[in-house]
Amino acid sequence: MQISDAELERNRILNAYRNLLRNCPPQVTKEDKRVIRQAFRYSLESHQGMRRKSGELYIFHPLAVATICAREISLGTTSIVCALLHDVVEDTDITLEDIEGIFGAKIANIIDGLTKISGVVGKTNSMQAENFRKILLTLADDVRVILVKLADRLHNMRTLEAMTRTSQLKIASETLVLFAPLAHRLGLYAIKSELEDLALKYTEPKVYKDISQKLQSSKTQRSKYIRKFIEPLQAAFAEENLRYEIKGRTKSIYSIYNKMRQQDIPFEQVYDLFAVRIILDSEIETEKADCWQVYSIVTDSYTPNPERIRDWISTPKGNGYESLHTTVMGPQGKWVEVQIRSRRMDEIAEKGYAAHWKYKENESGETGLEEWIRKIRELLENPEANALDFLDDFKLNLFSDEVFAFSPKGDIYTLPLNATALDFAFEIHTDVGLSCLGAKVNHKLVPLSYKLKNGDQVEIITSKKQKPNEAWLKFAVTAKARSKIKAALKEDKRKIADVGKEILSRKMRSAKVKFSNDKLLRLSRYFNLPSSLDLFYNIGSGKIDSHRLKTAMDIFQSLEVKKPEPTNGKPKKKSKKILPPAVKPDMVVVGGDTDLDYSFSKCCNPIPGDDIFGFITIGDGIKIHRTNCPNGIRLMSNYGYRIIKAKWAAMEIKDVKTFPVGVRLIGFDSLGIVSRITDIVSKELKVNMQSITVESKDGAFEGSIILLIYDTEHLEQLIQKIKKISGIDTVSRFDVEETLPQT
């Protein structure tokens, strides 16, 4: 008997629901499962008939998010129920009052937080940096809001192929800028790595596919090496009667890509592609001693690198991460990273603080997560903070390692790596930071810019006469210090600006020029200033003197209202501002309904064949960027509403202009090598060179050539030819000019 499509879908829904129940944590009771079943049925009925862009029934999405919460973050019943209901209020006629009436106030509050986040994230009419700030505000209510939202984002990234290319770029960039760092800070390393990998899959599909294929092809070889590495360790562990598990963990694709990019090396030269993880089944009372015992066995078998030991067992990271890392010289002269941890530590490392809560009764005082949330709340207290500044400051503390410093009384403070004495002052109290005159570290006087080291004892010297200055921002590292300094500077600036505003108002009255927002905007542009506040400040501080102000007033008087020209009753047509075309009008196809001209961005110099997108600038038409442009992620995540689709038009090679592309060469110096390179470039491939520079030192050379190339295929052909020259080690593309794009 043939089964209908509807029945197949019902079976799939039932299987997905059963899978959710199987993945619930062990502490979930029968009563809990009854509530989960009730939430599932409520969600199923509410989303009846709704489908996602992939064509799949909508109910599969909340089921998948709930399963991620249960299996991958180890969240309990409340979070699972909220995951099942997270889109109900936003997408259906169900109200928060309905949710509260059936499931209670706690679940209704979390759903409210999730609905608010959905209202600000992913919309094209608001800046993502401001959205992120609003997301963090929800931390004040219940951290589970963020955890369920991360599970929601993870499933959306796993199913991103159904979206348009423009949406893929925007969502993937937002994920890299906002959600991956947030997962990292909450200790959700597995989710953070997957979010980064999936984001790379859509921002740089060719790079992602290339690394993925190379990892797959070398998998057997890596497995064989790991087996050989752990053989002597297993024998020693057996003698000590240790209960353990050993895993070979391959680096994430995104971390490999980052290493290739930062060190400018190909995949083949990334040697630490994997780490060996030793997980011990230890009791909490003996786990530290057991980890150090294993460390001793590992370093007896293999020589350790003394510079590469990381002890996060004695001093865990701020997000709860505990592990002992060392790097040893393995077989065949390869460095191997070894991570040693207990089962409890591993669960926290993979699943973050949700796993940590299970052990909370064994602790007293403030946990690292609560400490982190407290700092975020302090940062959010400043209503004057610019959204983009806030995001940049916040990110400073997300990926950083940490240092531990002490007050004279012995209180310990955790700060990010490279934090200064000034940061320490603000960590004690805002008033201490604002009046900080100097510092003594280990009883010696140091400048405020002194970078703290682990174990430093810091005494802050204050003065009532001291005030923050602009120079402090050059060495303040923590988000709290930077936001408080900026707020104080802005307050001083506002006082001077009030004086400037009064001066300008008098000048405009005497010149019979109306004091209006439009006039202030034009006057700010005249003096090339970003805002009217800057205009008032420059006048109040004397940077714009009376003579320059009078000249501006004279110009304004000459431009004051003129009689309108006769139009014979017909409305006068507005003349379009025509921007000078920078490229052939048919070289790039730009999506959307726009008459704006486009030009190629100087910060990444795209060439035909590159994956590209369009960015609508203010006053300079559309700029075409590569999707892997150094500024692209920032633009796509913070100005998603100004991103438009762009692709290369099909053209004959004779119709295409050439583009400047930089090629960097590294190799061994030998007689005539430059001549061989130029012969291939100029004579064999007939490529024009704009410039060539070569620097040789101690038998090695590094060179860079600026070439005029037609497209990526042309470039790849040239790179492969040069690679074949004897003595050439690496050949890579680089951006000719790196400047921030106009926004």
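This is a predicted model: local features need pLDDT of at least 70, side-chain atom pairs count only at pLDDT 80 or more; totals for chains, interfaces and linings use all residues.

Student: Is Val694 buried, partly exposed or exposed?

Tutor: Val694 lies in strand β18, which spans residues 688-697. Its relative accessibility is 43%. Buried requires under 20% and exposed over 50%, so Val694 counts as partly exposed.

Student: Which residues form a nonpolar patch on the surface with Val694?

Tutor: The patch has about 200 Å² of accessible area together. Besides Val694, its members are Val674 and Ile692.

Student: Which residue in β19 stands opposite Val694?

Tutor: Strands β18 and β19 (residues 700-709) pair in the antiparallel sense over 9 bridges. They form a hairpin with 2 residues between them, and Asp698 in the turn has a positive phi of about 50°. Within this pairing, the residue opposite Val694 is Gly703.

Student: Is Ile612 buried or exposed?

Tutor: Ile612 belongs to strand β14, residues 612-616. Leaving aside neighbours within four places in sequence, its contacts include Val588, Pro606, Ile624 and Trp648. The relative accessibility of Ile612 is 5%. Since the limit for a buried residue is under 20%, Ile612 counts as buried.

Student: What distance separates the C-alpha atoms of Ile612 and Ala646?

Tutor: Ala646 is among the residues in contact with Ile612. The two are 34 residues apart along the chain, and their C-alpha atoms are separated by 6.1 Å.

Student: Which helices do the buried residues of α14 pack against?

Tutor: Helix α14 covers residues 253-263, and its buried residues include Ile253, Tyr257 and Met260. Just after α14, Asp264 takes a positive phi of about 55°. The buried residues of α14 pack against α10 (165-185), α11 (189-203) and α12 (205-217).

Conventions:
Residues are numbered from 1 along each chain as its sequence is written. Side-chain values use heavy atoms; hydrogens and water are left out. Buried means under 20% relative accessible area, exposed over 50%, partly exposed in between (1.4 Å probe, protein chains only). Helices (H or I, at least four residues) and strands (E, at least two) are DSSP runs, numbered from the N terminus. Contact means heavy atoms within 4.5 Å. Patches are made of residues with over 30% relative accessible area and no salt bridge: like charges are joined within 9 Å, nonpolar side chains (Val, Leu, Ile, Met, Phe, Trp, Tyr) within 5 Å. Accessible areas come from the Shrake-Rupley method with a 1.4 Å probe; for residues, only the protein chains shown count as cover. A salt bridge is a side-chain nitrogen of Lys or Arg within 4 Å of a carboxyl oxygen of Asp or Glu. Two strands pair if DSSP finds at least two bridges between them.
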